[in-house]
Amino acid sequence: MIDFLLFKTFITPQVLIIFYIIGAFIIPFFSWLFKIWIQNRYFNQIKFQIKLRYKVLLYSMFFCCFLLMELFWRMIFEMMIAYFDMHDALMALKP
């Protein structure tokens, strides 16, 4: 407990994993809501039907953006966890 209070031990790696899991489930939910908002705001107001080719293009763009968001989210957290692991390893080498 003393090490934690003196900032010799970080709680961050455990907390980062929890935030990653929360974000991994919240990001898809809000991106789907954003997709519905875009669809209602811009495409449902148009009086003509969108061609199937453009619908496929929009859904594939949404899916690619979703995959890139999830990949970026994972990479950010891996980088932060690696930083704290390096810090712990360097502190263990300290005499």
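Because the model is predicted, local features need a pLDDT of at least 70 and side-chain atom pairs count only at pLDDT 80 or more, whereas totals for chains, interfaces and linings use all residues. Residues are numbered from 1 along each chain as its sequence is written, and side-chain values use heavy atoms, with hydrogens and water left out.

The protein contains three helices and zero strands, where helices (H or I, at least four residues) and strands (E, at least two) are DSSP runs numbered from the N terminus. Along the sequence, the elements follow the pattern α-α-α. The radius of gyration, taken over C-alpha atoms, is compared with a globule rule of 2.2 Å times the number of residues to the power 0.38; a compact globule of 95 residues would have a value near 12 Å, but the protein has 21 Å. Along the principal axes, the C-alpha atoms fill a box of roughly 75 × 20 × 15 Å. Of the 95 residues, 12% are buried, with buried meaning under 20% relative accessible area, exposed over 50% and partly exposed in between (1.4 Å probe, protein chains only). When contact is defined as heavy atoms within 4.5 Å, residues 24 or more positions apart account for 83% of the contacts with a separation of 6 or more.

Helix 2 (residues 12-43) packs with helix 3 (residues 52-93) at an angle of about 160°, and their axes are 10 Å apart. That angle makes helix 2 roughly antiparallel to helix 3. Here the axes are lines fitted to C-alpha atoms, for helices over the stretch in contact, and angles run from 0 to 180 degrees between N-to-C directions; angles under 35 degrees count as roughly parallel, over 145 as roughly antiparallel, 65 to 115 as roughly perpendicular and the rest as oblique. The residues of the contact between helix 2 and helix 3 comprise 20 nonpolar, four polar and three charged, with Ala, Val, Leu, Ile, Met, Phe, Trp, Tyr, Cys and Pro counted as nonpolar, Asp, Glu, Lys and Arg as charged, and the others, Gly among them, as polar.

Phe10 lies in the loop between helix 1 (2-5) and helix 2 and, at 26% relative accessibility, counts as partly exposed. Residues up to four places away in sequence not being counted, Phe10 touches Phe84, His87 and Asp88, while its C-alpha atom is 27 Å from that of Met69, 59 residues apart in sequence. Phe19, located in helix 2, is likewise partly exposed, at 48% relative accessibility. Leaving aside neighbours within four places in sequence, Phe19 is in contact with Trp73 and Phe77; Phe19 and Phe77 are 58 residues apart in sequence and 8.9 Å apart from C-alpha to C-alpha. In helix 3, Leu68 is exposed, with a relative accessible area of 56%.
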